[in-house]
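Biologist: I am new to this one. Show me the model, and then let me question your labels.

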Amino acid sequence: MPRQHRVVIAINDDASRKNIGAMLQAAEFLIIGEATDGITALKLIRVRQPDLVIAEVFLPAMSGLELARIVSDDKLAPVVLISSNYDHATLEEAKLAGAFGYLVKPVGEASLIPTVEIALSNYSEVVRLEEQVKELQEKLETRKIVEKAKGILMHTLGLTEAEAFRKIQKQSMNKRISMRAVAEAIILAHSLD
Amino acid sequence: MTEFEQVRELVKEYHVKFIRLQFTDILGALKNVAVTVEELERALAGQVLFDSAVFEGFRGYCEKDILLQPDPATFVVFPWRPRDGAVARLICNALTPRGEAFPGCSRSRLQKVISRFEKDGIRLMAGAEIEFFLFHSGEQGRPTTITHDQAGFCDLTPVDLGENARRDMVLTLEEMGIEVASSHHEMAPGQHEIGLKDDNILVLADKIATFKFVVRTVAQRHGLHASFMPKPLNNEAGSGLKLHLSLWRGETNLFESSDDPMGLSDTARYFIGGLLHHAGAVTALTCPLINSYKRFVPSYHSPFLAAWSSTSRNTMIRVPEKQVGDARITLRSPDPTVNPYLALAAILTAGMDGITNRIAPPPIITDGECSSGDELRELARERGLPRSLAAALDALEGDTLIKEMLGKAIYNRFREIKENEWERFLSVVHPWELEEYLRNY
């Protein structure tokens, strides 16, 4: 059996919270926390680290939009918002808050389950891409730094490009530190002269 | 590259959309005006016009125009990243429209005091340990006095909401270039402490102002309320702002002496002498709330004595028995509700007065001198710090040196606001009074 997705639900009105909880449970989701206000929801999310958050736009203490913004800024989980209307302004705010889905009440199983499934899969794709971007950025940065250090070695020691590269590589292996760290040390030492 | 050019570069690199121009009012509250990146040049040129009332703690009569002059060295991009472009901040001084320092600007005051001694190559360095409570926010979003690590809520789980929040605070501070020396849970439930590394006092004052703002923001993002109130709970320890001080000329620590058994120089002793001589007035600025004085009720570890010691926890100044490494003295009386600029300006002024006029400190208090309750009270009578905000304000009124350092504009406004606060406090009958007196009188 695949791992059950863990969900926190923040809906103020008891009937619809229970209703949505029941539909999710029937679809093999695990409800790990329920809240009726935004602050309690935020605390629950921080502590229980769910895979998915379902929050109503209008919540006491902290609105669902504010909650979604914090949860998405801090990359805690995808948030699916629920509201009784879908006016332009609220939709814009939901987009800015980084929501992964938006459902309009009354919410039936036929719209809830596909929205939640798509949100989960989009979220994991976003996480994967973000990691990739970070990795590539780091590689690019390393390349720039190593290029600069090579330039310094070629200039000060009269080496060819290949020789300079090998020197950095060798030092990196001997000292068991990354080529980037070696390059940074070369640049630092050079700037001290 | 000039500092201004660096700011322009960083604004481009981080896609900054908004810049918050920050400044501290007389009461120590951090205020800010946001300008868009299009207005950056006007802001850097010090041409953003503002209303002086904001600096003086409230809107009132005689509002004047002031200009905000950003200090480019204080440029930082906020680490929480909204999707639609980053937000950065610059800390500002206030100038009059004629380009002079605005008399109500506490940051300019501190700079003025610093530059007076900088001429002789002398600079004060300070590190800070800041305590605060993390309380739960109620369901309506209002802060409560329920601490996070006692509330039943967290019993559910081994992940502590408060520890999480504090870790996040430390990371955020470091991302903003504020080096954290230490961070741990304090004595009382829900009480935390974060230590900031030594820096020159202007930078430290900027850091303390930023620190409070960051801690509050991060706490709020964890559904908690961070409070710097000096004594929020009856039966628990209060929150202090410990300052570790050392005085330098070039690379020489003027507090250090290898000939002395404590490793402490005469300069350090005179500095302590000056601080103790001006203790009352300094306290008005380092402990500025009515509530601040509830930390000074004589007890085992409240710093209520205008004295120094290496063993007692009751003295406002603590010196290590033997200096190891860099010699420093620790001021334990301040609390985190200070205006850091005015407090550090007062500390430097008082300490340097001690050095200039060779004010010898009273004998050092050694262990065992204050053990029983009666003895504590006796000591408090003899050489206690002011017991109330009113008493501290009186001491400040009588201290020409500190008053002159503040300047008429800040002193008069500070006194006005604080006297008003005291009168409002006195005009309310508090629950304790009813419980204590109603039945018997």
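Modeller: Start at A:Pro106, in the loop between strand 5 (101–104) and helix 5 (109–157) of chain A. Helices (H or I, at least four residues) and strands (E, at least two) are DSSP runs, numbered from the N terminus. The model is predicted: local features need pLDDT of at least 70, side-chain atom pairs count only at pLDDT 80 or more, and totals for chains, interfaces and linings use all residues. Residues are numbered from 1 along each chain as its sequence is written, chains are lettered from A and ligands numbered from 1 in the order written, and side-chain values use heavy atoms, without hydrogens or water.

Biologist: Is the peptide bond that joins A:Lys105 and A:Pro106 cis or trans?

Modeller: That bond is cis, with omega about -5°. Most peptide bonds are trans, and most residues other than glycine have a negative phi. A:Glu28 has a positive phi, near 75°. A:Glu28 sits in the loop between helix 1 (14–26) and strand 2 (30–35) of chain A.

Biologist: Why are helix 7 and helix 8 of chain B called roughly antiparallel?

Modeller: Helix 7 (residues 279–286) and helix 8 (residues 340–356) of chain B cross at roughly 165°, and their axes come within 8 Å. Angles under 35 degrees count as roughly parallel, over 145 as roughly antiparallel, 65 to 115 as roughly perpendicular and the rest as oblique. Helix 7 and helix 8 of chain B are therefore roughly antiparallel. Their crossing is left-handed. Helix 7 of chain B brings B:Val282, B:Leu285 and B:Thr286 to the contact (heavy atoms within 4.5 Å). Among the residues from helix 8 of chain B are B:Leu342, B:Ala346 and B:Ala350. By class, this contact has seven nonpolar, one polar and no charged residues.

Biologist: What makes helix 5 and helix 8 of chain B roughly antiparallel?

Modeller: The axes of helix 5 (residues 201–221) of chain B and helix 8 of chain B cross at roughly 150° and come within 9 Å. The cut-off is over 145. Helix 5 and helix 8 of chain B are therefore roughly antiparallel. Here the crossing is right-handed. Residues including B:Ile201, B:Leu204 and B:Asp206 in helix 5 meet B:Pro340, B:Tyr341, B:Leu344 and B:Leu348 in helix 8 of chain B. The contact has 10 nonpolar, no polar and one charged residues.

Biologist: How do you know that helix 2 of chain A and helix 4 of chain B are roughly perpendicular?

Modeller: Helix 2 (residues 38–48) of chain A and helix 4 (residues 161–175) of chain B pack at about 85°, with axes 10 Å apart. The range is 65 to 115. Helix 2 of chain A and helix 4 of chain B are therefore roughly perpendicular. A:Lys43, A:Arg46 and A:Val47 meet B:Leu161, B:Asn164 and B:Asp168.

Biologist: Which parts of chain B each supply at least two residues of the lining of the largest pocket?

Modeller: Strand 10 (191–200), strand 12 (241–249) and helix 11 (400–426) of chain B do. By class, the lining has 13 nonpolar, 12 polar and 14 charged residues.

Conventions:
Axes are lines fitted to C-alpha atoms, for helices over the stretch in contact, and angles run from 0 to 180 degrees between N-to-C directions. A crossing is left-handed if the near helix is turned anticlockwise from the far one by less than a right angle, and right-handed if clockwise. Ala, Val, Leu, Ile, Met, Phe, Trp, Tyr, Cys and Pro count as nonpolar, Asp, Glu, Lys and Arg as charged, and the others, Gly among them, as polar.
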